[in-house]
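Trainee: Could we take a close look at one part of this model together? I'd like to go through it slowly.

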Amino acid sequence: MKINEAEQEVGITRKNIRFYEQQGLLKPMRNLSNGYRDYSDEDIRILRQIKLLRRLGIPIEEIKRLQARLLTLEDCLQRHLITLERERKNLDATASFCERLLSEKASLETIDAGQLLTDIDNMEEGGTRFVNVQKRDQKALRRNSLLSAIVFISFMLAFIAFMIWCSVMDSDMPGLVLVFFIGIPLLFIGGTLLALRERLKEIEGGELDEASKY
C-alpha cells in the first residue's frame, strides 16, 4: 500500500512514517513500476509496534535495540519503569513546589526568584530534577549524525593524504590530476558539513516532538 494508505491504516502522520524510516526502524520495499514505497502487512505491523512503544515513551534508540534483538521487551519495560518512577518523583517534587508558591500567595512582582532558584538547586543536589527534559532521543540523533560525519570526513581526509603521498612518490603525476583528486574530496567534506548543520537544525527544530504526536 502507499504511504497515505499506511497513514490511515495505522493512524500516524506521513511525517512520522518518514521519520521512522530515516531512523532505520522501518524499511519498506519500493514498487519497481513507479519507484514509490510499497508498505506491506509486515511494515504495518512494525509501524503499530513503533506507535505503541512511542506512546509508552520508549526512546527511539531503545526501539532500535529491540528490533536488533539486543534487548528484550521485558528488560526494556523494566528499565523504562525505573525511568518513569524517577520522573514521577520529579513531577511530585515540582507539583509540591508549585503548591508551596500558591500557598504563599506569590505574585510575579513579589516572588523571590533568587531564593527559590537556590532552593531548587539544593533539591537537585539531592537527586530531584525539576526540568523533565525528554531529550535522550535528540542526544542520540546528534551523536549518530556527528559520528557518521566524522567517519566520512576521516575517510575523505585519508584519501587526500593518500593522493598527496602518491604525488610525492610519483613526481610525474600531473598537477591538474592531483588538484582534481584533492578538490573532489574537499567538496564532499564541505557538503557533509553543510548537511550536518542542517540535520542538527532539524533535530533541534522539534522533529521528535512532531514524531511523538499521533
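Trainee: Are α4 and α5 roughly parallel or roughly antiparallel to each other?

Mentor: Happy to look with you! This is a predicted model, in which local features need pLDDT of at least 70 and side-chain atom pairs count only at pLDDT 80 or more, while totals for chains, interfaces and linings use all residues. Residues are numbered from 1 along each chain as its sequence is written, and side-chain values use heavy atoms, with hydrogens and water left out.

Helices here are DSSP runs (H or I, at least four residues), numbered from the N terminus. The axes of α4 (residues 60-67) and α5 (residues 73-103) come within 10 Å and cross at roughly 160°; axes are lines fitted to C-alpha atoms over the stretch in contact, with angles from 0 to 180 degrees between N-to-C directions. The two helices are therefore roughly antiparallel, a term for angles over 145 degrees. Their crossing is right-handed, meaning that the near helix is turned clockwise from the far one by less than a right angle.

Now the residues: from α4, Glu62, Arg65 and Leu66 meet Leu73, Cys76 and Arg79 of α5, where contact means heavy atoms within 4.5 Å. By class, this contact has three nonpolar, no polar and three charged residues. Leu and Cys are among the types counted as nonpolar, Glu and Arg among the charged ones.

Key: Parallel < 35°, antiparallel > 145°, perpendicular 65-115°, else oblique.
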